[in-house]
Amino acid sequence: MINAIALDDELPALKVLENFCGKTDLVRLEATFIRPGEALSYLRQFPIDLLFLDINMPSQTGIEFYQSVKPGTMVIFTTAYSEYAVEGFNLNAIDYLLKPFTFGRFLQAVDKAVEYFGHRQNKDAGYLFLRIDYSLVKIEIAAIRFIEGMDDYLKIHLQDKPSVMVRMTMKAMLSQLPDRQFIRVHRSYIIALSHILNIRNKTIYLEGKEVPIGISYEKDILTRFSK
Amino acid sequence: MQLSEARLRHLTAQIEPNFLFNSLNSIYALAIEKSDQAPEAIVQLSEMMRYVLNETGKEWVPLEKEIGYIRSYIALQQTRFGSSIPLNFQIRSAAGDSKPSLPESISNSLSETSSNFPIESPFEGLKVAPLILIPFIENAFKHGVNAEENSNIRILIDINGSSLHLLVVNNKVTVKQPVDSHSGLGIGNTKRRLQLLYPRDHVLDIRDNAHDFQVSLTLKLL
């Protein structure tokens, strides 16, 4: 779960965000503000992962506000003006929501934040945060034995734990995993190097599991192991 | 078809996109909360759009329609900003004939239903040039709304016989101008229209003070 605050000079806009955040476990809306000054002093006291920022506010624009907060804080801009969306792109915003927006569109933006957050987290912490239904599930990277592709889903096989199904592509999964610890060996398999017992005749043996090596992956595997 | 297209262009020139979409978002919030205010807010916005589409091409319109627009506009602004912006809005009428006076007042709470005009309007028979009062009220919201500062907006419409007095006062606050700040009618344009339409029948006094902005307009109505 990532935590967030929202800033908008109009109360009804904050009510929409409160409502939508309440419908998902992906994000916890800690506080909402109609005054930038109050939001800023809150941010100085509490660490926050994600900001929902209205762009058009009287004292300062959301863009100006964002420039005054701690770098690295994620932001989703909300605006009633389509003109602004383009302007803010160089700010590395996660997304822009044009008011009024649907719950589906909101979830899409929050998903992007969750994914970005996951990327950043696993770099330093050794965990993956994966969206499963409406929750964020924390998975210890070291516990992953191998990952199996099944149509639109991936089945993550874990050490000493039940496996987990997640809706994402092999490619997206690979991008979230540390390169040195995982290798794709087949169209449908990603394997943790540390869990390999041995490799024989184009088959990789894990404890209680044999994984075939795909033809197009042979070369890559060979270069990895010849190092 | 072509005619309504032209009117639609007219509409976008007069209802600022900023106001329109933020009002829609406020109504959206009310709908999500299943608030009883939602239907009312939709009617208010509809009435504003209908007024701009159907009436503003005319030379003269019933005063109650212009005032209806103002009521809806203010009610929607209150929905957007709630109690964070102190607002006092009053319509007073002491009709020249024997009709009883009908004081109306909104102060920070939305209790009045603006969609139903009284059957016997105190403004009956009075006519006004369309959009002649509205720009001054829009101006007060455009430059007078900031919850971090000492915002205060006062609007008084006083009708006495065929004489109308409009007083609009707003405290000056910081407002970062949105991109479409040049849309809407503007005060300059309205001054010219007053000179054209009410050459000898209006007194306009605008005071641009250090802390507040005051507009006092007296109109002799038809």
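The contact between the two chains, counted from heavy atoms within 4.5 Å, takes 30 residues from chain A and 24 residues from chain B. The model is a predicted one, in which local features need pLDDT of at least 70 and side-chain atom pairs count only at pLDDT 80 or more, whereas totals for chains, interfaces and linings use all residues. Side-chain values use heavy atoms, with hydrogens and water left out, residues are numbered from 1 along each chain as its sequence is written, and chains are lettered from A and ligands numbered from 1 in the order in which they are written.

Chain A and chain B bury about 2200 Å² between them, and carbon and sulfur atoms give 56% of this area. Buried area here is the accessible area (1.4 Å probe) that two parts lose on being put together, summed over both. Of the area that chain A buries against chain B, 25% is supplied by E10(A), P58(A) and Y81(A), more than by any other three residues.

E10(A) also takes part in a salt bridge, with R80(B) as its partner and 2.5 Å between the closest N and O atoms. The rule asks for a side-chain nitrogen of Lys or Arg within 4 Å of a carboxyl oxygen of Asp or Glu, and it finds three salt bridges across the interface of chain A and chain B. Polar contacts join nine residue pairs between chain A and chain B, both residues being at pLDDT 80 or more. Such a contact is a pair of N or O atoms within 3.5 Å; within protein, one must be able to donate a hydrogen and the other to accept it, and residues adjacent in sequence count only if both atoms are side-chain atoms.

On the side of chain A that touches chain B, the elements giving two or more residues are α1 (11-22), α2 (36-45) and α4 (83-87) of chain A. Helices (H or I, at least four residues) and strands (E, at least two) are DSSP runs, numbered from the N terminus. With seven residues, α1(A) gives the largest share of this side. The residues there divide into 15 nonpolar (Ala, Val, Leu, Ile, Met, Phe, Trp, Tyr, Cys and Pro), eight charged (Asp, Glu, Lys and Arg) and seven polar (the others, Gly among them).

Turning to the sheets, chain A holds an open sheet of five strands in the order β10-β9-β8-β12-β11, with antiparallel pairing; two strands pair if DSSP finds at least two bridges between them. β10 (161-166) and β11 (182-186) of chain A stand at the edges with a single partner strand each, so one side of each is left without a neighbour in the sheet. From one strand to the next, the twist averages 20°. Four antiparallel bridges link β9 (residues 153-158) of chain A to β10(A), and K155(A) has M165(A) as its bridge partner in β10(A). The loop between β9 and β10 of chain A contains D160(A), a residue other than glycine whose phi is positive, near 60°.

A further open sheet of chain A has three strands in the order β13-β14-β15, again with antiparallel pairing. Its edge strands, β13 (198-200) and β15 (209-212) of chain A, each pair on one side only. β14 (residues 203-206) of chain A pairs with β15(A) over four bridges; T203(A) has P212(A) as its bridge partner, and Y205(A) stands opposite E210(A). These two strands, β14(A) and β15(A), form a hairpin with two residues between them, and G208(A) in the turn has a positive phi of about 70°.

Methods. Axes are lines fitted to C-alpha atoms, for helices over the stretch in contact, and angles run from 0 to 180 degrees between N-to-C directions.
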